[in-house]
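Trainee: Could we go through this model together?
Mentor: Gladly; bring your questions and we will take them one at a time.

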Amino acid sequence: MSTDSSGREPDPSSPVRTQSQEDDDSLAELGYRPELKRTLGNFHTFAAGVSYISILTGTFQLFFFGVTFGGPAYWWSWPMVFAGQLMVALCFCELAARYPVAGSIYNWAKKMGGPHIGWLGGWLMTTATMVTLSAVALAYQITLPQIDPWFQFVGDGTGTTDAAANAVLLGSVLILFSTLVNAFGVQLMARINSAGVFIELIAAVALIIFLAVHITRGPSTVLTETYGLGSGETLGYFGAFLTASLASAYVMYGFDTASSLGEESHNPGRNAPRAILRALIASFIIGGLILLFALMAVPDLAAEELSTGGLQYVVLETLGSTIGEIFLWCVVVAITVCVLAVHAAGIRLMFAMARDNNLPAGSHLARVSPRFRTPVVPAVVIGVVGVVILVININQPQIFSVITSIAIIMIYLAYLQVTVPLLIQRLRGQWQPREGSFSLGRFGLPVNIIAVLWGAAMSINLAWPRPDVYNATGPQHWYLRWGAFLFIGVVALGGFAYYWFVQRKRTGVLDAHRAEVLDPTQPPPRG
C-alpha cells in the first residue's frame, strides 16, 4: 500500500494532489506559506546558476590575475577549485532536494545548525552578495572601453580617477537596469537571464573553437611555463600558485542560486539538484577549455599586456578586432545577466531573512507585490547599497579591491555555515535525505568531510594577508593587508551583536508569511 509524504495511507476520497501542492508541503515544513509565483522551469533554474558563476565574466575579469601571479601553470587551479566546490555542491544538492526554498543558504544553515547559525550564514551571504553585485558591475569598465573608446564617458581614460569614475557610472546604470527588471517579477528576469545565458553559452563554445584554430603551442605549456614565479617566496612556486588560484576561487561559486529560486520553480525538489550540478559542471568544462586554449593561442606568453589587458587582449590579438569585438559584446551580455542573477539571489536572501523578522523593518522587506508576486523593496535596497559601494571605488580603489576580495571569503564562510552543521548532523545520525530524491547515500559522510576541509582551507587561502592582493599599490597599510580579518570581524561580530541583543528578541515567522497549521486528525479541506 502506498503512502503519502507524511507516512499515512492516502484517503481515496481525498482530491488528487498536484505537484505544486507537494512543493508547497515542503515549504510548509519550514513554517512558510507559498507566496511567490511558480513560473520557472528546468532551463530557468539552470540558467540562474550558470549566470551567477558567469564563465565569460569571471574568466575575462580575472585571467590577468592568474597569469600574473602563477603563469600558464595557474590553469591547474581551475580543476582544483572545481573538485573542492563539487563536494560543496553535492551537499547542497541533498539539501535542495529536501528544502527547495528562497534564500537557501540562510534556511539550510538555520535548519541544520539552529537559528543563530542560520542568521550568521544569511547575514554573511547577504552582505557579500551586495558587494559582489558592485564588483561584477565594475566589469563593464574592463570590457566596454576596449570595444569602443566612446564608452569612456568620464575624461579620456588617462586621468587619475577617469577609469574609476567611469566604472562607477557604467556600473550604476547596470545596477539600475537590474533593479527595475528584478522588481517587475521573476518571470521577466528569468526570460532575459535565460536568453543571455543562451547567448553566453553559444559564444563560449564558439570562442573555444576559434581559439583552438589559432593555437601556437601544445598543452604542455600549462605544465612547464612558470617563468620563475615564486622564486623569492618561502613556499616557492606553490606559494605563487596559491595566490594565482584566487582567480579560479573568485569565479566558481553561486551555484546555490538554482535552489534559491525554489519557491518560484516547478518541481524544485527534483530539478534544483540537477540545476546545481549542471551549472557547476558546464561552467567547469567551458571555462577550463577557454583558459587552456587562450594560453595555447596567445602569440606571446611573456607579453606585458597579459597582465593588463587579460583575456580581452588575447581575444583581440588572436582573433582580430572584428571577431574579437563580437566576442567582447557577448562578454557584455554575460556581465549583464550575471548582475541580474546576483541581484535576484540577494533579493531572495533578504526576503527569506525578513519574513523570519531577522532584519530591521522585516515586515516591509518581506512584503510581496500582489501584482508582480516578488519582493520589490529588497530589490531597491540592494540596488541602492550596490551603487553606494561602487562610489567608494572612485577615490579609494585599493579599499574597494579589498572589500570585493573579502566578499568572496564571506561567501565561502557562509557555505561553511551549512556544510559544518550538516556534517555534525550526519555524525549524529540525524540527517535523512528526502526519500526518493537526490541522495549521496554512503558517500555522504566522506563528501561532507571533504567539503568542510576544502571550505576551511580555501577561506584561509583567500584571507591570507598578501600585499599583492590586499595592498597591491602603495602606500602600504597594515589595515589593508589584514583587511579580511578586520572587515569580516566587523561585519560578522558587529552584525551578530546586533542580532543577539536586538533582533533575536523579535525573531519568528511573521504572521503574514506563516503557514497554516492544520489539525492532522481532521480531513483536508475540499475544493
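Trainee: Which helix holds valine 205?
Mentor: A word on the source before that: this is a predicted model, where local features need pLDDT of at least 70, side-chain atom pairs count only at pLDDT 80 or more, and totals for chains, interfaces and linings use all residues. Residues are numbered from 1 along each chain as its sequence is written, and side-chain values use heavy atoms, leaving out hydrogens and water. Helices here are DSSP runs of H or I with at least four residues, numbered from the N terminus. Valine 205 is found in helix α9.

Trainee: Is valine 205 buried or exposed, or partly exposed?
Mentor: Buried means under 20% relative accessible area, exposed means over 50%, and partly exposed is in between, with a 1.4 Å probe and protein chains only. Because its relative accessible area is 41%, valine 205 is partly exposed.

Trainee: Which helix gives the largest share of the nonpolar patch?
Mentor: Val205, Ile209, Phe210, Val213 and Ile323 make a nonpolar surface patch of about 410 Å². Patch residues have over 30% relative accessible area and no salt bridge, and nonpolar side chains (Val, Leu, Ile, Met, Phe, Trp, Tyr) are joined within 5 Å; a salt bridge is a side-chain nitrogen of Lys or Arg within 4 Å of a carboxyl oxygen of Asp or Glu. Areas come from the Shrake-Rupley method with a 1.4 Å probe. The largest share, four residues, comes from helix α9.

Trainee: How many residues of helix α7 are buried?
Mentor: The buried residues of α7 include Tyr140, Leu144 and Ile147. They pack against α3, α6, α8, α15 and α16, where contact means heavy atoms within 4.5 Å. Helix α7 is mostly covered, and the number buried out of its nine residues is seven.

Trainee: Which residues have the most contacts inside the largest nonpolar core?
Mentor: A nonpolar core is a set of buried Ala, Val, Leu, Ile, Met, Phe, Trp, Tyr and Cys residues joined through side-chain atoms within 4.5 Å. The largest one has 161 residues, and those with the most contacts inside it are Phe63 and Phe92.

Trainee: Where is alanine 361?
Mentor: Its phi is near 55 degrees, a positive value in a residue other than glycine. At 46% relative accessibility, alanine 361 counts as partly exposed. Its place is in the loop between α16 and α17.

Trainee: Where is asparagine 267?
Mentor: Asparagine 267 is not a glycine, yet has a positive phi of about 45 degrees. Asparagine 267 is found in the loop between α13 and α14.

Methods
Patch = residues over 30% accessible without salt bridge, like charges linked within 9 Å, V, L, I, M, F, W, Y side chains within 5 Å. Helix = DSSP H or I, 4+ residues; strand = E, 2+ residues; numbered from the N terminus.
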